[in-house]
Amino acid sequence: MACARAVTTLLGQWREGDEGALVELAPLVYEELRALARRYMGSEGAGHTLQATGLVNEAFIRLAGMDVPWSDRAHFYAVAARSMRRILVDHAKARRREKRGGAARHASLETVVIPDAAAGPADLLDIDEALERLARIDARKGEVIVLHYFGGMTYDEMAEALDVSPATVHRDLRLAKAWILNELRPA
Amino acid sequence: MNSAPPELSPDRWARVEQLFDAVADMPVSERAAYLRKACGDDGELRAYIEALARSDVAKNTVIEDAIHDVLDLASPDAGSLTDIVGERIGPYRIVSIIGSGGMGVVYLAERADEHFRQQVAIKVVRQRLIDPEIEARLVGERQILANLQHPNIARLFDGGTTADGTPYLVMEYIDGLPIDEYCDGRRLTVNERLELFRKICSAVHYAHQNLVVHRDIKPTNILVTADGTPKLLDFGIAKLLDAGGAATDGLTRVGAVMMTPENATPEQVQNGPITTATDIYALGLLLYRLLTGQPAYRVGNSPSAMAQAICEHVPERPSTAVRRHSVEAAPGEMKPELIWRYRGTTREKLSRLLKGDLDNIVLLALRKEPQRRYRSAHELSEDLRLHLASLPVLAQPDTWSYRTGKFIRRHVAGVAMSVALVGLLVAFGVAMTVQNQRIAEERDTARQVSTFLEEIFMTPDPGNARGLDISAKEILAKGAERISGLDSQPAVQATLMETIGRVYFNLGEYEPSIDMLEASLRIRSNELGEHHPLIAATKNQLALPLIRTADYKRAGILLQEALERNRSLYGDSSTEVAASFYNLAELHQATGNLEEAARLARESIDIYAAQGELHAAELAEGKSALARILVVNNELDQAETLYREALALVRTHLGHDHPLNAYYLQNLAVVLNSKGDIVTAEAMFRDAIAAARNILGDDHDLVGSSLVMLGTLLHNKGEHAAAERALREALAVHTNARGPDHPFVAYDMTSLAMLLQDEGLLEEAESLLKGALRIYEASVGPDHQYVASTLTELGVVLTDRNLPQDAEPLLLRALEIRRRDFPDTHPLLAATNLAYSHALARLGRYDEAERLLLDNVPTLAGSATAPDRRARRAMQWAVSLYEDWEKPEEADLYRHRIQVQKVEPFD
């Protein structure tokens with residue numbers, strides 16, 4: 001509860017324009033998400049996929065509770081989405097390392113061991129790299145991808161967090177997604 | 001790698017963006033021509049836009065898939081898994097891997113011994129137990145789970161820790177398919193699915209009877225073997241495993257085990273307690289899926305929408321869900337046409353099969369509020385049986401009276417009950433649910449309390465000759481008596497005492513309520529220590545009857561203690577703290593500190609308002625409490641708004657037939673009446689009466705009180721015939737509800753007598769007033785203002801019957817009572833003075849009469865709260881005074897004033 005208060009306060013301060021609050025908030029969110037991810041990853045059976053957005057939501061409820069102004073909630077999700085991206089990319093990197101350097105033997109509470117993925121059509125790390133390139137060309141479009149896919153945010157929420165209209169978000173997302181898919185397509 | 005131009009300058013990117021937006025929604029056939037024109041000879045740009053447009057495929061889920069891919073495949077790598085195949089865990093030899101998940105790995109193993117071979121599943125938990133205390137507790141829990149023996153529950157045989165401290169569980173090995181796959185694979189019809197589902201219910205019910213909650217019922221946890229036997233896996237395992245986790249402070253951890261949108265329950269989303277009702281909800285979700293092939297909630301991808309959907313939206317009716325043409329298929333979801341084909345029917349037939357009973361049954365299991373779902377898995381199963389047998393089912397569209405009726409039918413069949421008993425039973429029902437929620441920590445208490453209550457209700461006292469109209473109080477007294485015999489089980493005793501204390505309070509029996517709650521508090525303090533959460537709750541409860549009996553000091557101390565405790569236990573914005581605020585507001589209102597009372601009421605409203613639907617009732621009550629306070633302060637507009645809001649909350653969240661509807665309607669009518677909006681007030685009173693009759697029954701207090709207020713309103717309006725009907729009805733209702741000696745009855749008698757006095761029916765008026773006087777003197781005491789009101793009216797009647805000498809001592813007594821409590825300017829004192837003036841005039845003491853008249857008519861006429869009727873009556877007395885006195889000019893003056901219906905204060 002003490003934690004919930006801290007997070008709601010920080011969100012409020014951030015909304016009031018205190019960028020320092022964000023500096024304090026981000027690690028809190030990141031740690032909570034990472035702990036949740038560690039606990040839940042893979043614990044659901046086939047056909048009931050765990051969603052990144054579910055984790056973000058649970059982190060939100062745990063950290064901030066339900067009685068948070070809507071606009072603050074959107075900002076929280078934005079922070080969480082970025083954290084989620086980092087966590088997942090870190091996992092994917094660990095997975096790639098293991099692939100190369102031989103598997104870690106024991107799974108303990110502290111490390112989540114990611115097994116070889118079935119060779120999928122796209123690798124999260126490739127997407128991440130494309131996303132980096134996109135952000136250099138157009139930062140907001142990169143952001144929209146992160147918020148939507150890693151944070152599960154709606155158009156309205158993204159519009160609130162990015163301070164643009166939902167229609168703009170819609171256009172941004174459409175182009176950004178097409179851009180990334182185009183990048184991923186083999187030449 | 002792709003057709004991106006090497007340099008994307010900001011200008012060029014802006015152009016890309018513009019062109020992409022332009023062609024995005026354009027038919028492909030027009031696109032090429034447009035781009036040729038727009039790009040001119042920049043072939044590179046044109047090719048790039050074309051490539052982007054080709055990539056603009058809404059259904060492409062590459063990014064989502066990559067994310068899921070990382071999240072999903074987090075099982076331990078194959079190397080470490082296969083390593084232990086062939087090794088032994090305890091007496092078991094590992095044969096192969098069955099599966100793995102976040103919590104661990106499941107192996108197929110054999111118990112190899114000379115005499116028999118047994119296959120088992122071993123779940124090796126992927127975490128270490130460090131705390132020996134937690135481990136010891138787990139052993140205890142595990143034993144309870146191991147004792148579960150039911151044909152549809154996979155047994156837990158054994159458990160322990162390996163040499164390196166990794167915990168494991170040994171379970172019955174089930175070779176089968178998840179229930180949803182099994183049903184679809186075998187093309188089971190709806191009825192076959194229901195039969196299968198009922199077996200699951202029986203397993204869940206059996207576990208609940210043994211006070212074990214599953215906590216994680218879902219299709220993958222229910223395997224159906226080749227011979228069609230469903231087996232529920234992992235009973236209570238979620239909790240067992242969770243208890244070892246770092247985030248847990250004990251065995252009764254509340255909150256979410258998993259937050260996958262599909263399986264989350266409202267109480268999980270809101271961090272509420274996990275109870276048997278959580279399993280009922282999960283069964284509802286399962287049934288929804290088995291019947292419709294779809295999840296109950298389409299929560300989509302937005303996390304904020306998810307919590308809201310689960311906590312606020314009522315799921316679509318199954319019959320509607322299967323009928324919709326375009327199912328927006330989420331990833332991994334079934335194509336719509338397969339849904340009905342898998343059930344051996346067509347879409348329309350499937351929808352018809354589900355419509356009605358099955359819709360109602362599923363939605364009853366999926367109610368947001370745990371206490372409003374089926375009370376047991378057995379009850380759910382029974383309802384399905386009734387449906388299969390084409391008999392009427394219990395589940396009905398969500399209405400309050402229906403549920404009350406059902407509860408009574410089940411618990412006291414054959415006992416005809418007084419209305420008070422109905423209220424009592426509802427209160428007990430709530431109390432039993434509360435017990436249910438503490439199931440893990442108070443296993444024995446919960447069981448014994450419910451048995452105890454059932455016994456009290458199911459067996460009317462054979463020694464009671466009136467067996468059929470056994471009263472609520474008799475039942476309570478019997479219960480209280482029996483509790484004293486439970487000395488050896490203090491926890492049970494304290495819980496029962498609290499419950500009965502609460503019911504006594506609801507019945508308005510404050511002294512026994514205080515006795516019971518004090519005893520409960522004493523026992524709990526001894527047993528649990530001063531700091532246990534239950535102590536704060538009991539203190540909060542005890543304060544209420546103390547307030548009603550004017551023991552404000554003690555109530556204040558208890559409430560402060562409870563508030564501080566709740567603050568530190570649950571935080572400043574918890575509902576527990578809100579409850580303390582609410583009670584403190586009552587206390588301050590009772591002691592006349594209205595400002596503080598209003599402040600506290602507002603605090604409690606704010607907290608409840610932030611809690612969403614689950615606390616709609618408390619929020620409404622908070623608003624109503626604030627409205628009551630504002631009424632005392634004469635802030636009627638705000639009070640009206642609050643009552644209307646409270647009413648809207650109740651209607652939206654609790655239904656139109658919830659009892660609070662009737663209460664708020666009446667209160668709203670009273671406020672409107674005070675505001676002088678007589679027309680709306682009258683309509684509102686009629687609504688309140690109709691609602692109270694529907695919801696609470698014809699003989700409820702509330703029906704009577706609304707009737708008497710309506711009668712008085714009509715009397716003031718001059719509609720005497722209608723007023724008389726309402727007042728006589730009120731009298732009958734209160735007599736039935738409360739017996740002939742209750743102050744409510746006396747109030748009705750007095751109100752009716754005033755009307756009859758106006759009508760000239762003095763004899764009946766006199767006898768009613770004398771009856772009322774007797775009742776008041778015996779109940780509220782001889783010095784109460786009610787006594788003064790009745791004495792005043794009796795004085796008037798006696799005066800009009802030409803017995804002013806009999807009236808005088810009564811009126812003097814009334815004045816004495818009035819003067820003690822009221823200043824000279826109070827309208828009620830003025831009214832009694834005027835009645836006395838009237839008697840004096842008849843006694844021929846004109847000077848005295850005139851002085852009183854002149855002193856008091858301005859007060860009455862200037863009062864906003866006194867009805868015109870009283871002032872008019874006083875004018876008539878003035879006319880007759882001056883006529884008797886032979887002063888016709890003054891008499892004419894008052895006649896004139898009556899005619900213009902305007903009462904000016906004297907100069």
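Me: What percentage of the 907 residues in chain B is buried?
Reply: This is a predicted model: local features need pLDDT of at least 70, side-chain atom pairs count only at pLDDT 80 or more, and totals for chains, interfaces and linings use all residues. Residues are numbered from 1 along each chain as its sequence is written, while chains are lettered from A and ligands numbered from 1 in the order in which they are written. A residue is buried if 20 or more other C-beta atoms, placed from the backbone, lie within 10 Å of its own. In chain B, the buried share of the 907 residues is 46%.

Me: Is B:Arg565 buried or exposed?
Reply: B:Arg565 sits in helix α25 (residues 552-570) of chain B. Helices are DSSP runs of H or I, at least four residues long, numbered from the N terminus. Because 22 other C-beta atoms lie within 10 Å, B:Arg565 is buried.

Me: At what angle do helices α11 and α16 of chain B pack?
Reply: Helix α11 of chain B covers residues 276-292, and helix α16 of chain B covers residues 357-365. Axes are lines fitted to C-alpha atoms over the stretch in contact, and angles run from 0 to 180 degrees between N-to-C directions. The two axes are 7 Å apart, and the angle is about 145°.

Me: Which residues of α16(B) meet α11(B)?
Reply: Contact requires C-beta atoms, placed from the backbone, within 7 Å. From α11(B) come residues including B:Ile280, B:Leu287 and B:Leu291. Their partners in α16(B) are B:Leu358, B:Val362 and B:Ala365.

Technical notes. Helix = DSSP H or I, 4+ residues; strand = E, 2+ residues; numbered from the N terminus. Contact = placed C-beta atoms within 7 Å. Buried ≥ 20, exposed ≤ 12 C-beta atoms within 10 Å, placed from the backbone.
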